[in-house]
Amino acid sequence: MCGIVGYIGRREAAPIIVEGLKKLEYRGYDSFGVATINGCIELDKHQGRISDSSSSTVNLKGKIGIGHTRWATHGVPNDVNAHPHMDCNNRIAVVHNGIIENYAELKRQLVSRGHVFRSETDTEVVAHLIEDAYEKEEDLLSAVQKVVPRLTGSYALLVIASNEDRIIVARYASPLVLGVGDGEFFAASDMTPIIDYTERAIFLEDGDVASLTQDEIEIFHEGKRVTRPLELIDWSGEDTKKGGFPHYMLKEIYEQPQAFYNTVRSVTAETLPVSVKNAESVTIIACGSSYNAGLIIKYILENTCAIPVRLEFASEFKYFPPPIRGLVIGISQSGETADTITAIKQAKAHNCTSLAITNVLASSISRTADCTLFMRAGPEISVAATKSFIAQLAVLMQITSFLRNGEFDDILRSGHRAIEEVLLIDLSDAVSLCINAHSIFYVGRGPFYPVSLEGSLKMKEISYIHAEGYAAGELKHGPFALLSPETPVIAICMPGETYGVMISNIKEMKARGAPVIAIGEEGDLELPEVADIFIPLPVTHPLIQVLTSLIVLQLLAYYTAVSLNRDVDKPRNLAKSVTVE
Ligand code: M6R
């Protein structure tokens with residue numbers, strides 16, 4: 001979690017850093033700060049969100065600077081714990097994304113040597129350690145090189161010193177990308193703050209330390225000079241803006257037809273790794289929405305290809321690893337989820353072949369896994385996963401189609417059209433019911449059960465209404481006790497084998513006083529009779545109905561949250577990229 005930005009060049013650094021931090025707020029937004037070099041170090045940091053602030057930060061002077069937007073781990077969100085952190089003499093400033101696991105021991109040592117700490121953060125030890133190393137030789141690069149081997153945990157670090165015209169950066173297990181402009185360089189947690197200025201990027205490897213001056217970037221690994229490839233990023237600056245939509249989430253929901261179309265076309269027989277083509281069993285490891293995508297595909301792969309699929313929460317896998325063999329797939333939009341990356345490492349240690357499915361080029365998961373399939377969703381800024389979820393399904397459905405000798409290729413290649421249609425569905429009656437709900441149940445069967453899990457996750461995370469997804473048949477084994485007129489049920493009820501039993505389930509729920517919103521197929525005559533509100537979806541293939549029903553649930557959560565005046569793009573207590581266990 002946390003976002004960092006650094007700039008060195010001919011322009012004033014602070015405005016560039018402030019704008020960059022606003023784009024990284026999806027990584028954390030409880031406090032922010034910037035430090036620049038202007039003879040001495042100028043520092044400005046505050047509790048709160050940089051996007052809400054009309055603060056003085058942007059007026060800091062200097063053409064070299066570093067900044068941070070925080071998701072608190074060590075110490076409450078307040079002005080003092082906000083980054084950057086300084087050494088005792090205010091000559092060195094540090095911003096950090098990650099966790100220094102051995103900070104307590106390092107802090108004890110530093111305090112015993114007379115260092116005075118101001119904050120409760122783990123990060124501050126880095127500033128004081130560099131201070132010690134810097135005093136000996138007054139060379140910031142070599143001071144940082146001496147300090148990083150002493151740190152345990154994860155870090156992307158940007159460091160400046162008041163009398164050096166450069167930024168020293170270091171990375172281990174936290175993302176860090178360098179932007180290469182003309183006579184200027186950028187460093188950031190991802191490309192979003194950089195893409196407006198340059199599309200040329202360098203992704204650092206774990207253990208790299210680099211020095212950025214106005215003229216050049218020098219990269220070192222274990223003390224030796226190394227080169228890293230220059231990559232061209234095909235995102236545009238517009239992709240990272242709201243483009244006229246009131247929220248990123250709505251924009252990203254509307255980008256789903258394109259995300260699905262682009263991703264489906266990117267997964268071909270040529271791009272599929274051999275391990276996937278020959279898979280006899282699959283283990284999927286993921287968290288949150290990515291886990292729900294995995295569960296949808298478990299239903300689909302097992303039922304259409306007879307391939308056994310085991311699904312594991314990455315956070316459980318680490319401590320309770322099941323016996324696994326064969327292909328292990330890690331799904332992660334950000335590619336930085338700590339639990340998923342650890343699980344992939346463990347799977348590799350068990351001699352499994354690992355495949356990452358991610359949206360972010362050169363992300364940690366793609367460096368860890370044996371091979372990677374990239375989604376083509378483009379940058380997703382809103383904390384709630386939407387287009388990345390649809391793109392994950394696009395990759396996994398393409399794999400399914402390949403394993404069925406292309407059976408679903410045509411269906412998937414035209415799937416974006418049905419997605420476009422559902423974006424226009426009127427949900428106002430359903431929203432009116434939801435905004436007054438005390439709690440909402442979502443139910444479905446087969447792949448529509450994980451669709452209900454994902455729908456309920458969207459609702460709870462952005463509207464703060466308690467919502468639970470259930471396999472429809474399970475509701476009567478306990479949760480029925482909670483049904484009441486204030487507890488609507490959203491039932492996904494598509495034609496097929498389970499249609500009849502779903503209708504019976506809906507009647508049972510109605511008989512217990514719960515209002516029912518039914519999502520079904522256009523032309524259905526029974527659902528409008530049995531449900532209070534019927535939301536018709538286009539007639540299409542069951543694979544695509546998984547997508548269309550899901551998108552309706554995203555929109556329902558979105559409009560409910562907007563009606564309740566929630567902070568849709570930055571829901572309370574959350575961050576998009578969960579880089580802590
Ligand atoms: O980046 P990842 O896909 O690994 O993230 C996993 C979860 O944190 C994520 O899917 C989360 O549940 C969503 N943001 C919820 O909308």
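Predicted model: local features only at pLDDT ≥ 70, side-chain atom pairs only at ≥ 80, totals over all residues.
**Core packing, sheet architecture and local backbone features**

Met-397 belongs to the largest nonpolar core, which comprises 85 residues. Together with Leu-393, Ile-440, Ile-490 and Ile-519, Met-397 touches the most other members of that core. The greatest contribution to this core comes from helix α19, with 13 residues. At least three residues of the core are drawn from each of domain 2 (242–413) and domain 3 (417–573). A second core, separate and made up of 28 residues, includes Val-94, Leu-106, Val-126 and Tyr-155. In soluble globular proteins, nonpolar side chains tend to be buried together.

Helix α8 spans residues 288–305 and contains 18 residues. The distance from its first C-alpha to its last is 25 Å, close to the 26 Å expected at 1.5 Å a residue. Ala-306, which follows α8, has a positive phi, near 55°.

An open sheet is formed by eight strands in the order β3-β2-β4-β1-β10-β9-β11-β15, with antiparallel pairing. Its edge strands, β3 (40–47) and β15 (231–232), each pair on one side only. Helix α1 (residues 13–23) packs on the sheet and touches β1 (3–8), β2 (31–38), β4 (64–70) and β10 (185–188). The direction of α1 makes about 25° with that of β4. Within the sheet, β9 (residues 177–180) and β11 (residues 200–203) pair in the antiparallel sense over three bridges. Leu-178 stands opposite Ile-202 of β11.

The segment after α19 contains Lys-576. Because its relative accessibility is 11%, Lys-576 counts as buried. Lys-576 and Glu-380 are separated by 196 residues in sequence, yet their C-alpha atoms are 9.3 Å apart in space. With residues up to four places away in sequence not counted, Lys-576 touches Tyr-26, Gln-333 and a set comprising Glu-380, Ile-381, Ser-382, Val-383, Ala-384 and Ala-385.

In the loop between β4 and β5 (85–86), where Pro-84 is found, a cis peptide bond joins His-83 and Pro-84, with omega about 0°. Asn-90 lies in the loop between β5 and β6 (92–100) and has a positive phi near 60°, although this residue is not glycine. With a relative accessible area of 38%, Asn-90 is partly exposed. A positive phi, of about 45°, is also found at Glu-222, likewise not a glycine. Glu-222 is placed in the loop between β13 (217–221) and β14 (224–226). The relative accessible area of Glu-222 is 70%, so this residue is exposed.

Key: Residues numbered from 1 in each chain as written. Heavy atoms only, no water. Pairing = 2+ DSSP bridges. Helix = DSSP H or I, 4+ residues; strand = E, 2+ residues; numbered from the N terminus. Contact = heavy atoms within 4.5 Å. Axes fitted to C-alpha atoms, helices over the stretch in contact; angles between N-to-C directions. Expected span 1.5 Å × (residues − 1). Core = buried A, V, L, I, M, F, W, Y, C linked by side-chain atoms within 4.5 Å. Buried < 20%, exposed > 50% of the residue type's maximum accessible area, 1.4 Å probe, protein only. Domains from an automatic or database assignment.
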